[in-house]
Amino acid sequence: MNTQSTAQQVLLAAWQAAWPQALAAWSRFTRLQEPLLCVSRLAASQEGLSGSFAMIRLSDQSVVVDLEGIQQLGLQDYALEILAHEVGHHVFAPGSVTEQFRLLARIRRALPTLEKFAPTVANLYTDLYINDRLHRQASLRMADIYLRLAQHGKGQSENAATASSQIWTLYMRIYEQLWKLEKGSLIASNAVSPEMDTDAWLGARLIRVYAGDWMHGAGKFATLLLPYLIADNEASASQQALAHWHDTKDAAAGCEPIGAQEIEADEIDGAVHPANDPLVSGVDEVMTSPDENTASSSSGQTREPYEYGEILRAAGIQMSDHEIAIRYYRERALPHLVPFPKRPRPLSPEPQLEGLEQWDTGEPFDEIDWLQTLLQSPHPIPGLTTVKRAYGNEQGKDPGHIPIDLDMYVDSSGSMPNPQTHTSYLTLAGAIIAMSALRAGSRVQVTLWSGKNQTLQTNGFVRDDAEILSVLTGFFGGATCFPIPRMRDTFANRKPADRAVHILMISDDGITTMFDKDELGNDGWDISAMALEKGRAGGSMALNLPSDWEKESRYYAQVPQDLKRARDEQGWHIHAITGFEHLMEFARVFSQQHYLR
C-alpha cells in the first residue's frame, strides 16, 4: 500500500513539474490554472472525466487528467506531450465556447443523418492541428504516443476495434503524411487502400492549407470523413474506441450559450470534399473559391431553434427544449431592443448661493453684501474689502417618469408554429416588445392562450424577463378560444391610482373570440370596453390578416365587422400583418413608439 502511494506521489509530482513546460510549448505568456491531476479513476469521474484519459472544461479553462488511466495505457512518460495537447485546445482549437459552437455547426452541416458524430469528428479535427503544431514547432513526441498505444493495446479488444476502424486507419495515415513517416509506421500498411491513401493525402493537405484559418476547413474535413463514418457506423465497438480519445467531449458544459444562432457565410457552401477545393487539390477548374459565392447564399440567416439546441447539446450543454427556446429568443431579441433610457437632469429653477467674490468700483452698488464686507473689515475700502454674493445653477432633481405597463396576449393555437422547434415570429415579436418595456421601467403581464382552459401566464405584472420568456416560449397548438376571464380579472379591480396599462394582442382572425361571452355570461364586448377604460393607455392588435381585410367579400363575413367595430367603437388599433415575419417590423415600431425615451 505504501509502495503504491509513493508511486502515485512520484507520478503526480512529475506531471505537476511538466505543466510550466506544457504552457511554454505554446507561448511563454500562456497562463492557465493548474491542471486537475486525478490519481484515481474515481476522482477523475467526480470531475466529470469518463471514457477518456484527459479532458478540458471551457467553463473554467481547466484541464483534467486521469493518472490511473495514464498508467494503464503506459503513457506516464508523456506528461509534457499530453498536457501541451490539452493546453492547445484552450489556446488554439477550439479556444473558446463560441469557437466550439461554430466548429460543431460546420461539421454538423457536412454530416447529413450522422450529425450525432459531430463532436467526435470535431475532436479528431482539432487534434490534427494541435498535434501537428506541437510536433513541428515544439519538437514533442506526438507520434510516439500513438506508437506506444498501438504496442500497449495489441490483443486488447478496445484497441483492436480501433485498429479495425476505417476512420482510425485514415486518421493515422493522415499523420503519416503530415510528418513524412514511413507508410505503416502508425497503422498497418495493408489496411490502407489506394483510395484511402489519396484521401489521407487530401486530409494532410487540408491541415496545411488551413493552418492559419482552421475553422474554414472544418466542413471539408467532415465531408472527407463522411464515407468512412458511414462504413463504421454499424460497428459500435469502433465508435466506442474512438470515444476513448475524445478529450473535448462536453467541453462547453456549464457555459453560457452565446453565438450559436447565426449561420455564417461560409458554413453551408463550405461543406465540400477537399478534392473539390482548389486550395487543397491544386486544380483551379474544380470550383471557384468559396469566399466568392457563399456570402450571398447564407449570410444573415438564423438557425431554427431545434438546430440551435442540437449544437448546444453536442457541445455538452444539457438543457430542455423549453430552456433552449428561452435562451434562443432572448439572444435573437437583444439586437432589436430600444436603448436604455437616458434622461438629462434639469437645472435648478432658481440660482443657488455659491460663495462670495470681490466687489469692485463700477459695479452696481446694491450688489455689495454689507454684512460680509463689515465682518472682513470695520473700515470698508471699495475694491479691496467689499464683497458680493456669487450665484450659480445646480442640477435639479429628476421629476421621474412613470412608464406604462403592458398586458400582452399571444395566440398559441394550432395555426401557430411551435417556438421550441421552429422560429415563431409571434414569440420573437413578443420578446422584443416585452424586453423593451422592461428596459423602459415598465412591468409586463403575458398570457399565452389557445383553446378553452388552455392558458399559460406570468404571475401578474412582473419585471422578470426569464418568467416572461418562459411563457412566450410555451406551446399548446389547440383550438382557438380567447381567455376572456383572464382579461376580465386583470382589470375588474384596477384602481385609478394604478399604473396605466396598454393592452396588446398578437394573433390572427381568431382574436374575435374575445368578443364572445365568458363563463359567467358576460358579454366580451363589455369586458373589452371595461379593460380599455381601466387600462387608460389604449389597446393594439397585431393580426395576421390580408391587407384588404376590411372587404367582406374577400374575407370572412363576421371578422371584418367585429374588427371594424372594435376599432371604431372602442378605439382598438388594428395592425394587419400579411405574414408573421412582418411582426419583426411591427415590434420595432411599437417598441419605439411606446418605450423609447
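Residues are numbered from 1 along each chain as its sequence is written. In this predicted model local features need pLDDT of at least 70 and side-chain atom pairs count only at pLDDT 80 or more, while totals for chains, interfaces and linings use all residues; side-chain values use heavy atoms, with hydrogens and water left out.

**Exercise 1. State how many cavities of 30 Å³ or more there are, and describe the lining of the largest cavity.**

Step 1. Rolling a probe the size of a water molecule over the atoms shows where empty space is left. On a 1 Å grid over the protein atoms alone, a cavity is a set of points where a 1.4 Å probe fits but cannot get out; a pocket is an open set with protein on both sides within 12 Å along at least five of seven lines; lining residues have an atom within 4 Å of a point. Grid points are joined across faces, edges and corners, and a volume is the space filled by probe spheres set on the points.

Step 2. By this rule there are 4 cavities of 30 Å³ or more. The largest cavity has a volume of about 200 Å³. Its lining comprises 18 residues, with Phe-53, His-85, Asp-127, Tyr-146 and Trp-245 closest to the centre.

Step 3. Helices (H or I, at least four residues) and strands (E, at least two) are DSSP runs, numbered from the N terminus. Two or more lining residues come from each of α4 (79-91), α6 (118-137), α7 (142-152) and α9 (166-178). The largest share, 4 residues, belongs to α4.

Step 4. Ala, Val, Leu, Ile, Met, Phe, Trp, Tyr, Cys and Pro count as nonpolar, Asp, Glu, Lys and Arg as charged, and the others, Gly among them, as polar. The lining of the largest cavity thus has 10 nonpolar, 4 polar and 4 charged residues.

**Exercise 2. Describe the largest pocket by volume, lining and residue class.**

Step 1. The volume of the largest pocket is about 310 Å³. Its lining has 16 residues, and Lys-452, Cys-481, Phe-482, Pro-483 and Pro-485 lie nearest the centre.

Step 2. At least two lining residues are supplied by each of β10 (455-457) and α21 (484-492); α21 provides the largest share, 3 residues.

Step 3. By class, the pocket lining divides into 5 nonpolar, 5 polar and 6 charged residues.

**Exercise 3. Identify the residues with the most contacts inside the largest nonpolar core.**

Step 1. A nonpolar core is a set of buried Ala, Val, Leu, Ile, Met, Phe, Trp, Tyr and Cys residues joined through side-chain atoms within 4.5 Å. Buried means under 20% relative accessible area, exposed over 50%, and partly exposed in between (1.4 Å probe, protein chains only).

Step 2. The largest core has 136 residues, and Trp-15 and Met-408 have the most contacts inside it. Helix α19 (residues 425-439) gives the most to this core, with 10 residues.

Step 3. Contact means heavy atoms within 4.5 Å. Not counting residues up to four places away in sequence, Met-408 touches residues including Gly-430, Ile-433, Ala-434, Leu-472 and Ile-506.

**Exercise 4. Classify Ala-13 as buried, partly exposed or exposed.**

Step 1. Ala-13 is placed in helix α1 (residues 2-24).

Step 2. Because its relative accessible area is 41%, Ala-13 is partly exposed.
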